[in-house]
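Welcome, and thank you for opening the viewer. Please keep the selection tool at hand, and we will walk through the chain stop by stop.

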Amino acid sequence: MSALVCPKCGSANVININMTMETEAPVAFYSCHSCEHRWWFKDGEPIDLGEVLTLAKRMPRRSARRS
Ligand SMILES: [Zn+2]
């Protein structure tokens, strides 16, 4: 049932890590053990690393404040 196949080498030896950015955007990270190809998905769409870093950088500035 694993549809996880590396788009580069076709190996099924792929790991998947799901993350949620501070912006609450769910991002899925995939990494191939065979060729070390890495790729990302957000909302079911492939995105590149630059976009991921942009999302990660866009963290809200306000630190948790308690009142
Ligand atoms: Zn691969």
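Two strands pair if DSSP finds at least two bridges between them. Helices (H or I, at least four residues) and strands (E, at least two) are DSSP runs, numbered from the N terminus.

A word on what you are viewing: this is a predicted model, in which local features need pLDDT of at least 70, side-chain atom pairs count only at pLDDT 80 or more, and totals for chains, interfaces and linings use all residues. Residues are numbered from 1 along each chain as its sequence is written.

**The whole chain**

Begin with everything selected. The secondary structure comes to one helix and four strands, and from the N terminus on the order is β-β-β-β-α. Now colour by pLDDT, the predictor's confidence in each residue, from 0 to 100. The chain averages 84, and 82% of the residues score at least 70. Among the elements, strand β2 (residues 26-32) has the highest mean pLDDT, 92, while helix α1 (residues 49-57) has the lowest, 83.

**The sheet**

Next, select the four strands together. They form an open sheet in the order β1-β2-β3-β4, with antiparallel pairing. β1 and β4 (45-47) stand at the edges, each with a single partner strand, so one side of each is left without a neighbour in the sheet. From one strand to the next, the twist averages 30° (axes are lines fitted to C-alpha atoms, for helices over the stretch in contact, and angles run from 0 to 180 degrees between N-to-C directions).

**From β1 to β2**

Select residues 14-20, which are strand β1; seven bridges join β1 to β2, and the two run antiparallel. Click on N16 and look across to β2: the bridge partner there is Y30. Then follow the hairpin of β1 and β2, which has five residues between the strands, and stop at E24, where phi is positive, near 70°.

**From β2 to β3**

Move on to β2 and β3, an antiparallel pair with five bridges. Select V27 and you will find its bridge partner K42 in β3.

**From β3 to β4**

Three bridges hold the antiparallel pairing of β3 and β4. Go back to K42, which stands opposite E45 in β4. The hairpin here has two residues between the strands, and D43 takes a positive phi near 55°.

**A stop at W39**

Finally, select W39, in strand β3 (residues 38-42). Is W39 buried or partly exposed? A residue is buried if 20 or more other C-beta atoms lie within 10 Å of its own, exposed if 12 or fewer, and partly exposed in between, with C-beta atoms placed from the backbone. W39 has 17 other C-beta atoms within 10 Å, so W39 is partly exposed. Across the chain of 67 residues, 4% count as buried.

Which residues does W39 touch, leaving aside its neighbours within four places in sequence? Show P7, Y30 and P46: W39 is in contact with these, meaning that the C-beta atoms, placed from the backbone, lie within 7 Å. Last, draw a distance from W39 to F29, ten residues apart along the chain: their C-alpha atoms are separated by 6.2 Å.

Technical notes:
Contact = placed C-beta atoms within 7 Å.
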